[in-house]
Each structure stands twice: as C-alpha cells, then as structure tokens.
Amino acid sequence: MRTVLVTGLGGAGRTTVAAASALASAAGGSRTLLVSAASVPGFPDGTEPVPVTGLLDHARIDSGEHFRAELTELQQRASGVLDLVGAGRLDGEELTELPGSPQLALLHTLHRAAAGDWSTGGYDTLVVDLPPLGEALALLALPEQLRRYLRRLLPAERQAARALRPVLAQLAGVPMPAQWLYEAAARKDEELAAVQALVEDGATTLRLVAEPGPAAEDALRTARTGLALHGLRADLLVASRVLPRHSSDPWFAALAAQQEKCLGHWHEEWAQEVPVHEAAHLGRAPRTADDLAALAVPAPDGREPGRADDPWWTEEEPGEEGRPSGLTWCLPLPGAAKEDLRLVRRGDELLLTVGPFHRIVRVASALRRCTVAGAALTDGVLRVRFAPDPALWPRTS
C-alpha cells in the first residue's frame with residue numbers, strides 16, 4: 001500500500017491538500033482512503049471508512065472515543081489490582097480526554113491501516129492528514145521512542161523469571177510487576193512496531209504544505225534537517241494560496257512579489273530533491289470536489305513498495321593486520337548548524353540533538369567495538385569518527 005503523510009505549517013491548508021491528493025489518487029484509478037482528524041468540506045464523516053466517490057473513502061479520527069476505549073480496557077485488565085486497593089472505576093461517560101490523546105489516536109489509526117483492519121476496502125493508497133509540521137515530526141518519531149522506553153522499563157528477558165517473582169518480591173520488599181503488565185507491553189510494542197514499519201517503508205512519503213513567505217522559508221529549512229535526521233522523505237512541496245503574478249493594485253502586487261521571491265528560493269533549494277507544486281489561490285476556501293480539483297495537486301507516484309534505505313553510511317580507512325585504522329559514521333543533515341548540534345555516546349547508543357530535533361539511535365554493530373574519536377559537520381553531512389578499541393577488536397593471525 002502506498003502511504004502519503006501530509007503535513008505543513010499551521011494554517012497553510014494541510015487538510016485541503018490531503019483531500020486534493022486523495023481525490024487525485026482516486027481519479028487516477030487507485031483505491032484510496034483519506035484519514036483526517038478534522039472534517040473535510042464536502043466529505044462525509046465517520047470513524048469507519050465512508051464512501052466519497054467510487055474509489056475514495058474517508059475516515060475521521062475521534063480522539064475522545066479512542067481515549068475512553070483505551071482507558072476502559074486498561075481498567076478491565078487491571079481489575080485485580082484496582083479491587084485489591086479498593087479503587088473506584090471510572091465510567092466512559094465521565095472520562096475527558098487528556099493532552100496527547102489526538103497523537104495516540106492517530107498512531108492507533110495508522111496501526112489499523114498497517115494491520116489491514118480496513119483491508120476489505122482493498123486500498124492501494126492511504127493519505128493521512130497529519131498535525132502541523134513540528135508536531136508531525138515528533139509524532140512520526142514517537143513509535144521508535146516509545147518502543148525504546150518499553151524495552152528499558154520492562155525488558156523482555158525479565159519475563160523468564162516469572163516463577164521467581166514471589167521470591168523476588170519477598171527479598172525486595174515490593175510487589176513485582178504482574179504478568180498482565182508484560183503482556184500489555186508486548187501488545188503495545190507489536191502495535192508500535194507495525195506503525196514504525198509503516199513510517200519507514202519505502203512506499204511512505206511526506207507531502208509538505210506551506211504558504212510562500214519569509215516565515216515559511218525559515219520553518220521549512222529547519223524541517224528539512226528534521227526530516228533527514230529521522231530518515232523521512234518528502235515527495236512533494238505544495239506552495240498553497242499562490243497569488244497571480246501581475247496586478248495593478250500596489251498592495252496586491254507587493255504581496256505577490258514577496259511570494260514570487262520565496263518560490264524562487266524554494267525551486268532553487270528543493271527542486272533537485274522534491275518537486276515544488278504551486279497551488280493557485282481560489283479567492284475563497286475550497287468547498288467542493290471541483291474546488292479541490294482546481295488546485296491541480298498531482299496524485300502520488302506509482303513507485304513499487306520497498307524498505308527505505310538507512311540514511312547512515314559507514315566509510316572505512318584501511319589499516320594494518322586486517323583492522324581498519326578508522327571508521328566514520330555519516331548522516332546527511334542539510335541545513336544543520338554546528339552550534340545547534342550535540343552528540344553523546346552512551347553504551348551502544350548515540351544521542352543526537354540537532355536544533356529542536358532529538359533522536360537516539362543504536363550504533364552500527366562494527367562501531368560498537370570502537371571509541372569515538374571526534375565529529376564534524378561539513379557540507380551538510382555529519383561525520384562521526386570512530387577508532388577501533390584494541391581490547392575489543394579481534395586480531396588476525
């Protein structure tokens with residue numbers, strides 16, 4: 001299944017572009033599902049897919065309903081513990097969703113799509129309307145982060161000591177985690193793994209939406225670095241609400257000239273990697289399918305699915321006795337600045353911070369037997385130098 005994740009700057013028309021992309025996909029003969037958290041003008045609403053056209057369905061995410069269902073299920077699974085301490089249970093009607101619920105509901109929806117819960121629709125293309133750009137990048141990195149937290153808090157190897165839990169509880173003086181907790185963690189890890197695989201799949205790309213202007217230029221430049229850090233790929237940059245180039249009105253002409261200058265920069269900076277599509281301003285908010293078609297947003301391309309390439313690569317410097325004299329781990333970070341870069345090596349992990357973006361990655365297997373010798377950011381590429389540790393690197397006869 002081809003997956004298109006649509007995000008962009010707040011107020012730039014992300015939902016509109018997502019709907020236009022879905023319509024274009026369906027018009028090209030692809031069975032398409034559009035998922036959004038907001039209502040789409042002219043599209044029917046429903047938490048399950050409802051038909052829009054012959055080849056297009058729409059499903060709206062209800063974060064409140066998802067929150068109530070998840071907390072109710074958690075109470076049922078923890079009923080033994082709650083009864084033991086005399087805790088009163090909460091009814092679904094009195095539950096009010098907490099901050100972060102929309103993000104978790106969206107991850108749950110992506111899991112349903114990845115797991116084939118909607119396979120009866122036979123969808124070829126999934127179009128997802130994501131939150132604004134900064135939130136979207138954090139959301140797409142969340143499955144990897146949450147899986148890491150689960151592994152640290154509830155390591156799978158501890159499950160092998162189930163028979164010893166009563167003894168360990170007596171020795172430690174505190175109750176040991178119940179089996180249901182490990183089972184719940186395993187289920188969540190499986191769900192998160194499916195979402196992570198969907199995000200990292202070679203058939204998954206992002207569409208960026210921004211209205212041309214100075215603020216959008218800075219935001220997209222920063223976002224470009226975040227995309228590279230997390231190995232995400234954009235297939236299209238949509239410049240929304242583009243004004244006509246010529247006008248006799250001085251105020252209108254000045255605004256159009258500002259847009260044209262910004263678009264020139266985007267075509268220069270992005271066009272080699274990502275096509276730039278200019279969606280004309282309609283003079284009103286799009287309200288119908290014809291309005292969406294007038295934006296002429298191209299349909300997603302028909303590339304064959306496949307795993308995304310690892311953005312990191314390793315360069316080796318040959319040495320003596322069959323051992324490399326040095327290894328360099330490289331990651332492209334276009335737009336990154338040295339003063340915004342921070343690296344920390346901790347065990348087998350590398351903690352990498354670039355401006356507002358943060359990621360923890362496992363060091364490549366060959367580099368785990370090395371010590372960090374330095375790092376440099378040159379020509380938009382981060383290069384982390386490693387030196388073999390004589391105590392860990394095997395010697396040849």
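Predicted model: local features only at pLDDT ≥ 70, side-chain atom pairs only at ≥ 80, totals over all residues.
| Pair | Residues of the partner | Sense | Bridges | Residues standing opposite |
|---|---|---|---|---|
| β9 and β10 | β9: 313–317 | antiparallel | five | T314 and W329 |
| β10 and β15 | β15: 381–388 | antiparallel | six | T328 and R385 |

To find these pairings in the structure, look for T314 across from W329 of β10, then for T328 across from R385 of β15. In a regular strand, side chains alternate between the two faces of the sheet.

Now turn to a helix. Helix α1 spans residues 14–27, and S21 is part of it. With a relative accessibility of 0%, S21 counts as buried because that value is under the 20% cut-off. Leaving aside residues up to four places away in sequence, S21 touches R207, V297 and P300.

The structure holds one cavity of 30 Å³ or more, and the largest cavity contains about 40 Å³ of space. Ten residues line the largest cavity, and V199, T204, G231, L232 and R233 are those nearest its centre. Two elements, α7 (179–200) and β6 (204–210), each give two or more residues to this lining. The largest share, three residues, belongs to β6.

Notes. Residues numbered from 1 in each chain as written. Heavy atoms only, no water. Helix = DSSP H or I, 4+ residues; strand = E, 2+ residues; numbered from the N terminus. Buried < 20%, exposed > 50% of the residue type's maximum accessible area, 1.4 Å probe, protein only. Contact = heavy atoms within 4.5 Å. Pairing = 2+ DSSP bridges. 1 Å grid on protein atoms, 1.4 Å probe; cavity = no way out; pocket = protein on both sides within 12 Å on 5 of 7 lines; lining within 4 Å. Points joined across faces, edges and corners; volume = space filled by probe spheres on them.
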